[in-house]
Amino acid sequence: SRRCNRPPPMDQVRVMKGMFLLDQTLFSSDRRLYRFDAFDHGPMSGDVYRDLDVLKIGQLIDVTPMAPGSYGRTYVPNEAGRQVCARIEQSKPPEQLQAVRDAAAYVTPRGLDEILDRISQENPSFAVSTAPLAPTGD
């Protein structure tokens, strides 16, 4: 329950990259939790955003805009979310809990470039963007 007490807020990019690292650590390639695609800013899965929306609607996390007019958000579990987290921690194997802590501890203090360097070194298929290009008007 140490992580459930008061984790620091995490922005959406770090949530996304942390979930990617966690998914790569805990699940085999044929049983991934999320389907990630390579985009300009590293792995991305719309399902991670869906799950964040579910947590917000369920009033388990607080979501704060990073700046007025920005699409950026930070996420932090509120009291109800921390209680759910504590219950989940009691039912999960220690190695899974450690993998969650390791992913969060890695992405929280680092810059995006350092995170993306690690991801591209460990997962070369995510080093190349498959983001659709904007139409050029040709």
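**Exercise 1. The aromatic cluster**

Task: In this predicted model, determine which residues are linked into a cluster by ring pairs.

Solution: Ring pairs join F20, Y34, F36 and F126 into a cluster. The structure as a whole contains three aromatic pairs. One of them is formed by F20 and F126, with the ring centres 4.7 Å apart and an angle of 70 degrees between the planes. Planes over 60 degrees apart count as edge-to-face, and the pair of F20 and F126 is of this kind. F20 belongs to helix α2 (residues 12–26), whereas F126 lies in the segment after α6 (112–122), so the pair ties together parts that are 106 residues apart in sequence. Both F20 and F126 are buried.

**Exercise 2. A second pair of rings**

Task: Classify the pair formed by Y34 and F36.

Solution: The ring centres of Y34 and F36 are 5.9 Å apart and the planes stand at 70 degrees, so this pair is edge-to-face. Y34 and F36 are both buried.

**Exercise 3. A charge over a ring**

Task: Identify the ring over whose face R118 lies.

Solution: R118 lies over the face of Y106, at 4.3 Å from the ring centre.

Methods
Residues numbered from 1 in each chain as written. Predicted model: local features only at pLDDT ≥ 70, side-chain atom pairs only at ≥ 80, totals over all residues. Heavy atoms only, no water. Phe/Tyr/Trp six-rings, centres within 6.5 Å; stacked < 30°, edge-to-face > 60°. Helix = DSSP H or I, 4+ residues; strand = E, 2+ residues; numbered from the N terminus. Buried < 20%, exposed > 50% of the residue type's maximum accessible area, 1.4 Å probe, protein only. Lys NZ or Arg CZ within 6 Å of the ring centre and 35° of its normal.
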